[in-house]
Amino acid sequence: MYLTLANAKKIFQPEFLKQLTRIRINGNYGDIVMNPEAIHIVEYFREHNKDMCININSNGGARDVRWWRQFARLNCEVHFALDGLEDTHSLYRQNTLWKTVIKNAQAFIDEGGNAVWQMIKFKHNEHQIEECRQLSKQMGFTNFDLIDGGRDTAPVFDQNGNLSRVLGNYTGETDFDKLFASKTQDDILLEDILPGRTPSNNLTCETVERNSIYIAANGDVSPCCYMGFYPETYGKGQYHQAANAQILPLIMENNAVEYSIEHCIKWFTGVEQKWQEKSYENGRLVICDDNCGSCQKT
């Protein structure tokens, strides 16, 4: 699924675009570069707001240099995912070629594009951080963004389900069939994710602070990306199944292809009301505390 130009025009009306200061295109799924209408969508955004910042995250492994030169002319900031040098980058960014990403990024930069080198720190690439930082400067990246934590332990499988490597200190299940079964057959309930968690006494909502919203590729509107994991369908056998089960009863008509954005955000008040609850069993949202609070987890 990808956001079409037609739906982008329905969702992002000209008057709505004119009052924005920033659009960040970094979905929970996918990469805008794979969208066949990506350039036309960003051109439409620019047509109605020449001054707002447009930030895009991409692995940079798709399209050719001609496409990236054209994209550079749209005055966007692109964060290229480059997790190391040629020998380490693809250990996490599977099926992307380091040389291709570098070539595309250089074409984007040479055409005047504002590029950021974004690197996730792993044990297998931490010895290359400074070399990557220096290379980013040589190539003309405007910034080097090091992400430390959150994705540094996991099993890695090939397209046939064979274990190819283990990242970091992962000690969990490495049988692909068992892991797949847990995500299609098992159920995770609220009580399964509560151990080690206590309600936050200091919650600072990113959406409130930034005055922002999250819009998924299908047009569904959520307060933030943390709640944007398709609550009706996503997360079976995982944390998000339980977290989404708390959110789902709050959601009202929230698809911006069908309704105005003003209508789609009405359900957000229900989220704020849940912050007043003292326990998760009574409806306090785990996902809010986990991402925007001081929730203690052990």
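Me: How many bridges join strand 3 to strand 4?
Reply: Bear in mind this is a predicted model, where local features need pLDDT of at least 70, side-chain atom pairs count only at pLDDT 80 or more, and totals for chains, interfaces and linings use all residues. Residues are numbered from 1 along each chain as its sequence is written, and side-chain values use heavy atoms, leaving out hydrogens and water. Strand 3 (77-81) and strand 4 (residues 114-120) run parallel, with helices (H or I, at least four residues) and strands (E, at least two) being DSSP runs numbered from the N terminus. The bridges that join this pair number 5.

Me: Which residue in strand 4 stands opposite Val 78?
Reply: Look along the parallel pairing of strand 3 with strand 4. Opposite Val 78 you'll find Ala 115.

Me: Which strands stand at the edges of the open sheet?
Reply: The sheet has 5 strands in the order 1-2-3-4-5, with parallel pairing (two strands pair if DSSP finds at least two bridges between them). An edge strand has a single partner, so one side is left without a neighbour in the sheet. That describes strand 1 (22-25) and strand 5 (143-147).

Me: By how many degrees are neighbouring strands of this sheet turned against each other on average?
Reply: Take the 5 strands in their order, 1-2-3-4-5. Ignoring direction, and using axes fitted to C-alpha atoms (for helices over the stretch in contact; angles run from 0 to 180 degrees between N-to-C directions), the average turn is 20 degrees.

Me: What angle does helix 7 make with strand 4?
Reply: Strand 4 and strand 5 pair in the parallel sense over 5 bridges, with Trp 117 opposite Phe 144 in strand 5. Helix 7 (residues 129-139) lies across both of these strands. Helix 6 (98-110) also packs on the sheet, touching strand 3 and strand 4, at about 165 degrees to strand 3. For helix 7 and strand 4, the angle is about 170 degrees.

Me: Which residues of helix 4 are buried?
Reply: Helix 4 spans residues 65-72, and buried means under 20% relative accessible area, exposed over 50%, partly exposed in between (1.4 Å probe, protein chains only). The cover over its buried residues includes helix 3 (38-48), strand 2 (53-58), strand 3 and helix 6, counting contact as heavy atoms within 4.5 Å. The buried ones are Trp 67, Trp 68, Phe 71 and Ala 72.

Me: How many of the 11 residues of helix 3 are buried?
Reply: Among the buried residues are Ile 41, Phe 45, Arg 46 and His 48. Helix 1 (5-11), helix 2 (14-18), strand 1, strand 2 and helix 4 are included in what covers them. Helix 3 is largely enclosed by the rest of the structure because its buried residues number 8.

Me: Which residues have the most contacts inside the largest nonpolar core?
Reply: This core has 63 residues, a nonpolar core being buried Ala, Val, Leu, Ile, Met, Phe, Trp, Tyr and Cys joined through side-chain atoms within 4.5 Å. Leaving out residues up to four places away in sequence, Phe 80 touches residues including Trp 68, Val 101, Phe 108 and Trp 117. The residues with the most contacts inside the core are Phe 45, Phe 71 and Phe 80.

Me: What relative accessibility does Asn 211 have?
Reply: Asn 211 sits in the loop between helix 10 (206-210) and strand 8 (214-215). Its phi is near 55 degrees, a positive value in a residue other than glycine. Asn 211 counts as exposed because its relative accessibility is 74%.
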